[in-house]
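Reader: I am new to this protein. Could you show me how to read its features?

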Amino acid sequence: MYNFEFVKPTTVADAVAALAEEDAQALGGGQTLIPTLKQRLAAPSKLVSLAGIAEMKGISQEGDVLVIGGGTTHGAVAEGAGAYPGLAALAARIGDPAVRNRGTIGGSIANNDPSACYPAAALGSGATIVTNAREIAADDFFLGMFTTALDEGEIVTGVKFPIPQASNYQKFEQPASHFAMVGVFVARFADGVRVAVTGASEEGVFRWTEAEEKLSANFSADAIDGLSVPADGMIGDLHGTKEYRAHLVGVMTKRAVKAAQ
């Protein structure tokens, strides 16, 4: 690591002020940033820890919407999001116990790793990302691999998840990292079905709109028989070819629909 200053504000306002300084960077649970610092791939002059901000933690329900603070850990979501079983089950399978007890939902969504689980849940739920400055629809938030609509110094303070009638997340794991080689989140609402895919595309998380149309008309795994995503644009690496990941998108979507039923 390079030398840096470490500050731990107790309010969002103080965190925003600290992040306004040149080369300052926010630190959530540190599950991505700390390894990056160890490898000297980043050199912020100041780390602004968000771990001590109580107003960014916790889970509450407002009507048919589950509100989760950006500083809430994966483990807390797994235990406390019972009103949204599909989301709680997703959180319970992130990483390992050490990751789930440190990593935060806000950090994961802000980082937008192309194989992370929460972006699929947010996009598949039609969630709203709450920051210190505004609210952003998930459809407008995820802009590409490791890219979001966040401005410099903007913090994810919470996420609002509409609770669907039925939902499920299916993840084909890379066994060492527990990241998704392909993960599919399916959510059925009164006005239709949303399908979000992570781990597969070079552009990061995306909605499979063709599957959404079929499933909105007939919420059955058979409804997407013969439907597939193109291999072009899929991730190809030592774990799986582009064609393999494209095939897995269909397989995991069918599994998620069956489990949601």
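Predicted model: local features only at pLDDT ≥ 70, side-chain atom pairs only at ≥ 80, totals over all residues.

Reader: Which residues have the most contacts inside the largest nonpolar core?

Author: The general idea is that in soluble globular proteins, nonpolar side chains tend to be buried together. Here the largest nonpolar core has 35 residues, and Leu-87, Ile-109, Tyr-118 and Phe-161 have the most contacts inside it. Elements giving two or more residues to this core include strand E5 (65-69), helix H4 (85-92) and strand E12 (180-189). The largest share, 5 residues, comes from H7. Another core, of 25 residues, lies apart from this one, with Phe-206, Phe-219, Val-257 and Ala-260 among its members.

Reader: Which residues make the nonpolar surface patch of about 270 Å²?

Author: Met-1, Phe-4 and Phe-6 make that patch. Phe-4 lies in the segment before strand E1 (5-7). With a relative accessible area of 32%, Phe-4 is partly exposed.

Reader: Now a helix. Which residues of H9 are buried?

Author: In helix H9 (residues 209-217), the buried residues are Ala-211, Glu-212 and Leu-215. They cover an arc of only 105° around the axis, so they sit on the same side of H9. On the other side of H9, Glu-213 and Ala-217 are exposed.

Reader: What do the buried residues of H9 pack against?

Author: They pack against strand E13 (192-198), strand E14 (206-207) and helix H10 (242-260).

How values were computed:
Residues numbered from 1 in each chain as written. Heavy atoms only, no water. Core = buried A, V, L, I, M, F, W, Y, C linked by side-chain atoms within 4.5 Å. Buried < 20%, exposed > 50% of the residue type's maximum accessible area, 1.4 Å probe, protein only. Helix = DSSP H or I, 4+ residues; strand = E, 2+ residues; numbered from the N terminus. Patch = residues over 30% accessible without salt bridge, like charges linked within 9 Å, V, L, I, M, F, W, Y side chains within 5 Å. Areas by Shrake-Rupley, 256 points an atom, 1.4 Å probe, with all protein chains shown as cover. Salt bridge = Lys/Arg side-chain N within 4 Å of Asp/Glu carboxyl O. Arc of directions from axis to C-beta. Contact = heavy atoms within 4.5 Å.
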